[in-house]
Amino acid sequence: MESGAKEEGKVLGYNSKKVKKVAILSTLAALLDDPILADVPKKPSLSDVDTLINLELGSAMCISIFKLDGTSFDVAVMNSATVKDLKLAIKKKVIELEQSKMGHRHISWRHVWANFCLVHHNGKLLDDDAALHDFGVRNNSQVHFLPYVVSKGSGRHSKRRKHRFFHGLNKLS
């Protein structure tokens, strides 16, 4: 008889946990649909929530990013953020926007940062370790993408290296 009661308790416990989880998820969905919380991502991480709370408290800033096609989006970073932090926030926001529009899509960020740079008031944000406030970036600032190619020291094109996979095999025969 005791084993039957234990099994019944497990079933009720499982169902109550499942019911609680469904209730929490539905409450979270209702909160995220609220227009006041429109800037919260659909699946927020702890750092996203922390940054948004700090934005409300004034210790973070909202920066408008303008793309080359004229569209823009906003990202939130801490007041003490570096250029690298801004790039990570841009990457996260773009991935979120692209997935909401078209599903999973791969973007080569190495290619993006090799061919484009961020600009604020004609100052190129090239040093990843530099603080944003050193460039004059403040709350509600505008940062633009600009085509940028890193120039080589000599100014000439680098020579292509020939990969000779079978080079050593020819000497054996």
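**A tour of the predicted model**

The structure holds zero disulfides. This is a predicted model, so treat each stop below as a feature of that prediction.

**Stop 1: two cysteines.** Select cysteine 62 and then cysteine 117. Cysteine 62 counts as buried, at 18% relative accessibility. Cysteine 117 counts as buried too, with a relative accessibility of 3%.

**Stop 2: the sheet.** Show the strands as a cartoon. Five of them form an open sheet, and reading across it gives the order E2-E1-E5-E3-E4. The pairing in this sheet is mixed. Strands of a sheet pair through backbone hydrogen bonds, which may be of the parallel or the antiparallel kind.

Which strands lie at the edges of the sheet? They are E2, residues 72-78, and E4, and each of these pairs on one side only. Neighbouring strands are turned against each other by 35° on average, with direction ignored.

**Stop 3: E3 and E4.** Select residues 116-120, which make up strand E3. E3 and E4 run antiparallel and are joined by three bridges. Look for histidine 120, which stands opposite glycine 123 in E4.

**Stop 4: the helices on the sheet.** Select residues 46-57 for helix H2. This helix lies across E1 (60-66) and E2, and it runs at about 105° to E1.

**Stop 5: a salt bridge.** How many salt bridges does a search of the whole structure find? The search finds one. Select aspartate 128 and lysine 87, which form a salt bridge with their closest N and O atoms 2.9 Å apart.

Is lysine 87 buried or exposed? Lysine 87 counts as buried because its relative accessibility is 16%, and the cut-off for buried is under 20%.

**Stop 6: tyrosine 148.** Finish in the loop between E5 and helix H5 (167-172), where tyrosine 148 lies. Leaving aside residues up to four places away in sequence, tyrosine 148 touches Ala114, Asn115, Phe116, Cys117, Lys124 and Leu126. Select phenylalanine 116 as well: the C-alpha atoms of tyrosine 148 and phenylalanine 116 are separated by 4.7 Å, although the two are 32 residues apart along the chain.

Conventions:
Residues are numbered from 1 along each chain as its sequence is written. This is a predicted model: local features need pLDDT of at least 70, side-chain atom pairs count only at pLDDT 80 or more; totals for chains, interfaces and linings use all residues. Side-chain values use heavy atoms; hydrogens and water are left out. A salt bridge is a side-chain nitrogen of Lys or Arg within 4 Å of a carboxyl oxygen of Asp or Glu. Buried means under 20% relative accessible area, exposed over 50%, partly exposed in between (1.4 Å probe, protein chains only). A disulfide is a pair of cysteine sulfur atoms within 2.5 Å. Helices (H or I, at least four residues) and strands (E, at least two) are DSSP runs, numbered from the N terminus. Contact means heavy atoms within 4.5 Å. Two strands pair if DSSP finds at least two bridges between them. Axes are lines fitted to C-alpha atoms, for helices over the stretch in contact, and angles run from 0 to 180 degrees between N-to-C directions.
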